[in-house]
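Colleague: Could you take me through the terms you use for this model?
Modeller: Gladly, let's go through them together.

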Amino acid sequence: MKYFDYAATTPPHTDVIRTMTEIMETQFGNPSSIHGYGERAHQLLRRARSACAVAIGVKTEEIVFTSGATESNNLAIKGAALRYQSRGRHIITTATEHASVYESFMQLQQWGWEVTWLPVNSVGVVNAQQVVDAIRPDTVLVSLMHVNNETGAIHPIAEIGKQLKKKAPRVLFHVDGVQGFGKIKSSPAAWGADLYSLSAHKFRGPKGAGLLYVRSGLELTPLLSGGSQEQGLRAGTENVALLVGMAKAMRLAAEDQVDFARRTTMLRDRIMEFIREIPEFVVNSRKEGAPHIVHFSYPGMKAEVALHTLEQLGVTLSTQSACSSRSAEPSRVLLAMGRDAACAAGGLRISLGDEHTEEDVVLLEQALHQMVAQLRPLERRM
């Protein structure tokens with residue numbers, strides 16, 4: 001079985017597993033305890049925090065550990081909106097964000113905040129002028145993803161951050177960096193981002209670990225009350241093994257980013273070429289997008305039918321994002337890009353990792369041709 005769903009999750013790196021196993025076997029102390037066991041755990045946590053900060057070019061004290069990007073996004077968005085609501089109750093995002101951002105904005109909207117849902121163009125991108133034009137005197141927060149998790153579309157985050165801080169320096173800028181880190185250059189501080197979210201299992205780290213970069217001097221309203229862990233922003237005993245594993249994975253991903261982009265771009269371009277040659281398919285990604293994602297639609301065919309047929313042929317893809325793939329609803333991302341309902345209901349995503357080879361891509365091409373041959377009699381009946 002060939003796995004082409006690295007945007008959903010990645011297999012943990014062997015070195016990460018080894019490091020985590022060693023810590024779980026030998027370092028079980030609570031990092032908040034003041035005895036020797038606790039102090040050793042605290043030092044491991046301190047070194048992990050420093051390694052994560054170095055990987056994205058920020059200060060060690062600006063790293064807040066979380067359980068993953070869903071928690072990081074919730075803390076960034078709701079924590080900022082609640083803390084700075086005296087400045088206003090207007091917030092900005094797009095209709096193509098990850099569910100954890102989209103639903104956070106929906107919840108705030110239900111609580112009385114006014115949301116501007118910026119439209120995207122036909123390739124899923126919003127431009128800096130759109131963001132700047134949406135700013136109002138009562139705007140508190142702008143939240144955008146770096147790389148779209150379904151299509152691989154890349155927002156011009158650096159230009160948006162520059163223009164945003166020029167026009168409205170008090171407006172906070174949150175970037176969901178989950179699908180960008182380790183794949184393309186990621187520099188939250190250089191972008192002018194105030195908040196930046198990551199999840200370890202997207203770059204060969206463990207599930208259940210993530211972080212939020214919080215710019216120095218910025219305050220957030222905590223979502224979890226309790227102890228004083230994570231500078232009072234995230235109560236609860238830290239999972240030292242998971243967080244050290246994440247730090248290891250971050251270092252490896254940062255070191256390999258340029259080579260990763262080069263290798264996967266070559267494979268992605270080949271995949272896009274043969275998908276365009278299959279008349280039943282419509283390509284939704286573009287070469288200017290992320291190097292590891294190819295999204296296409298099979299109009300007239302339910303995505304789950306195509307997916308299960310491919311699995312029988314030895315290839316694993318996904319439909320929408322992993323958080324939404326069990327939903328039978330058409331992709332709201334594709335609908336926002338102007339695709340019709342048939343395209344939005346028949347979307348499939350190929351996502352690459354550092355272990356894929358040209359031989360794997362050949363097998364993928366063969367499987368796609370076989371899938372179409374098997375399903376062609378069912379087209380338009382689904």
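**Helices, packing and a histidine**

Modeller: Helix H2, residues 36-56, has 21 residues and reaches 31 Å from its first C-alpha to its last, close to the 30 Å expected at 1.5 Å a residue. This is a predicted model, where local features need pLDDT of at least 70, side-chain atom pairs count only at pLDDT 80 or more, and totals for chains, interfaces and linings use all residues. Residues are numbered from 1 along each chain as its sequence is written, and side-chain values use heavy atoms, leaving out hydrogens and water.

Colleague: What makes H3 roughly parallel to H4?
Modeller: The axes of H3 (residues 69-83) and H4 (residues 99-110) cross at roughly 30° and come within 9 Å. Angles under 35 degrees count as roughly parallel, so H3 is roughly parallel to H4.

Colleague: Which residues of H3 and H4 meet?
Modeller: Among them are Ala69, Asn73 and Ile77 in H3, which meet residues including Val101, Phe105 and Leu108 in H4 (contact: heavy atoms within 4.5 Å).

Colleague: Why is His295 called buried?
Modeller: Buried means under 20% relative accessible area (1.4 Å probe, protein chains only). His295 has 1%, so His295 is buried. His295 is found in strand S10, residues 293-297. Leaving aside neighbours within four places in sequence, His295 is in contact with residues including Glu150, Asn284 and Arg349.

Technical notes: Helix = DSSP H or I, 4+ residues; strand = E, 2+ residues; numbered from the N terminus. Expected span 1.5 Å × (residues − 1). Axes fitted to C-alpha atoms, helices over the stretch in contact; angles between N-to-C directions. Parallel < 35°, antiparallel > 145°, perpendicular 65-115°, else oblique. Buried < 20%, exposed > 50% of the residue type's maximum accessible area, 1.4 Å probe, protein only.
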